[in-house]
Amino acid sequence: MREAQSLVADTLAATVDELCLKFGARKTAFALFLAMLRHQQTVNQTSLLSNRMRQDIGLPDGEETSGFPVWNFRAW
């Protein structure tokens, strides 16, 4: 098992080294940073939804969040 893990780690390290040699360390780090931001944007978070919206999509009620979210429309 350790051998398989070390092969994967060595392959990743070799790939990162190759990218740094080909494009430079700054461009490689910047591309990694952008990839992390894009991944973070695609992750859906239901914890920020109001209870009303959670019920609308079939999720159980969560804790009330403080503040007034933009999507929390209520008829006054």
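What share of the 76 residues in the protein is buried? Buried residues make up 9% of them, where buried stands for under 20% relative accessible area, exposed for over 50%, and partly exposed for what lies in between, with a 1.4 Å probe and protein chains only.

Before going on, please keep in mind that this is a predicted model, in which local features need pLDDT of at least 70 and side-chain atom pairs count only at pLDDT 80 or more, while totals for chains, interfaces and linings use all residues. Residues are numbered from 1 along each chain as its sequence is written, and side-chain values use heavy atoms, with hydrogens and water left out.

As for the fold, the protein has three helices and zero strands, running α-α-α from the N terminus on; helices (H or I, at least four residues) and strands (E, at least two) are DSSP runs, numbered from the N terminus.

Let me turn to helix H2, which covers residues 25-42 and contains Thr-28. Thr-28 counts as buried because its relative accessible area is 16%, and, leaving aside residues up to four places away in sequence, Thr-28 touches Leu-19, Cys-20 and Phe-23, a contact being heavy atoms within 4.5 Å.

Phe-33 also has its place in helix H2, but with a relative accessible area of 45% Phe-33 is partly exposed.

Finally, the surface: its accessible area is about 7200 Å², and 62% of that belongs to carbon and sulfur atoms, as computed by the Shrake-Rupley method with a 1.4 Å probe, where for residues only the protein chains shown count as cover.
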